Amino acid sequence: MESGEGFDRERHVFFMEMMYELLPSEYESEEINRITLAYFVVSGLDILGSLDRVSKDQVARWVLSFYSRPDVLEPGTFYGFHGSRTSQHPANKAVSKYNAGHLASTYCALAILKTIGYDFSNFDSNAISASMQYLQQPNGSFIPIHCGAESDLRFVYCAAAICSIINDWRGMDKEKAKNYIISCQSYDGGFGLVPGSESHGGATYCAVAALRLMGYIEEGRATKFTESSMIDVALLLEWALQPNFFQRQASDGGFQGRSNKASDTCYAFWVLGVLRILGAHQFIDRESLRSFLLSCQSKWGGFSKFPELQMPDLYHSYYGLAAFGLVGELGLTPLQVELGVTMNPGT
Ligand SMILES: [Zn+2]
């Protein structure tokens with residue numbers, strides 16, 4: 001597909017439907033993240049206004065089958081959703097130390113349920129909210145799984161999104177989590193995944209979206225950024241827009257997730273998402289971002305990471321659609337940016 005052509009909605013619906021039916025063998029190594037891949041498909045179809053292509057009951061049953069919720073909750077163990085059947089093995093009632101629910105899988109599972117309009121009054125979230133505290137570290141960050149793993153902003157975001165969806169914040173010490181997020185803001189205004197690391201578009205999204213979900217950032221915060229703030233919003237906007245130096249939005253119209261890197265489809269969502277939450281999205285060149293995204297649109301439907309790649313992948317296809325939704329493409333349902341679920345889930 002040439003970049004001069006328009007947004008091909010039907011072809012993207014076709015691509016997502018194919019992914020719903022059967023994932024290509026290249027995704028075998030991602031088996032452990034199956035519920036995350038399912039989130040990209042279901043939410044992608046929702047953005048496209050085509051949720052009618054899936055059976056919502058079937059999807060809900062499948063997602064709920066990954067919920068680990070034993071009768072007795074062991075202290076120190078996190079009970080959330082498993083990412084796939086292999087991480088759920090053996091299928092008995094006991095949940096072994098290494099057979100654990102994962103924060104990212106739990107977020108994706110709940111986001112799918114919300115997307116399809118599942119009635120959460122039927123959902124017993126107590127196992128999640130009562131056990132998530134065991135994942136929060138003394139510095140306020142989260143590990144994703146109770147048997148130990150890296151802790152960084154990604155999992156602080158997942159924890160905040162989970163609390164927001166189940167409307168129960170018992171599993172998180174918000175003050176500690178907020179202080180951890182603040183400690184990740186770098187000297188240039190962006191956020192690194194951990195304190196002291198290089199600013200990165202994805203990490204910056206996780207920081208800003210989590211603060212918004214936690215109630216620490218008002219909608220459209222940029223309009224008030226001169227007030228004293230817990231994070232340096234003026235510096236953050238400078239990082240996101242780079243108006244005086246070189247622009248975050250590169251000459252090809254796309255966004256770079258890190259300085260001096262090539263524009264990449266997924267950063268269109270991460271960086272534009274940050275600007276949208278701060279109410280500063282009007283300062284980007286919408287048309288040139290649209291042309292960049294179109295240059296990554298695949299002739300088979302979906303999006304590739306870079307314009308010169310032909311093959312689409314599910315991750316960049318989803319974030320390409322999410323970014324198109326944010327730039328206001330006609331016929332698309334935009335995401336509620338900070339949550340990753342559309343404004344009118346279940347319709
Ligand atoms: Zn990417």
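**View 1. Tyr 79 sits in the loop joining helix H3 (56–64) to helix H4 (103–115).** This is a predicted model: local features need pLDDT of at least 70, side-chain atom pairs count only at pLDDT 80 or more, and totals for chains, interfaces and linings use all residues. Numbering starts from 1 along each chain as its sequence is written. Helices are DSSP runs (H or I, at least four residues), numbered from the N terminus. Tyr 79 is buried, because 23 other C-beta atoms lie within 10 Å. The cut-offs: buried at 20 or more such atoms, exposed at 12 or fewer, partly exposed in between, with C-beta atoms placed from the backbone.

**View 2. Contacts of Tyr 79.** Beyond its neighbours within four places in sequence, Tyr 79 touches Ser 68, Arg 69, Pro 70, Leu 73, Gly 101, Ala 127, Ile 128 and Ser 131. Contact means C-beta atoms, placed from the backbone, within 7 Å. Thr 106 is 27 residues from Tyr 79 along the chain, and their C-alpha atoms are separated by 9.2 Å.

**View 3. H4 packs with helix H6 (residues 153–166).** The angle is about 35°, and the axes are 9 Å apart. Axes are lines fitted to C-alpha atoms over the stretch in contact; angles run from 0 to 180 degrees between N-to-C directions. H4 contributes Leu 103, Ala 104, Thr 106, Tyr 107, Leu 110 and Lys 114. Residues from H6 include Phe 155, Cys 158 and Ile 162.

**View 4. Helix H10 (residues 265–278) is mostly covered.** Of its 14 residues, 14 are buried. Just after H10, Gly 279 has a positive phi of about 75°.

How values were computed:
Helices (H or I, at least four residues) and strands (E, at least two) are DSSP runs, numbered from the N terminus. Two residues are in contact if their C-beta atoms, placed from the backbone, lie within 7 Å.
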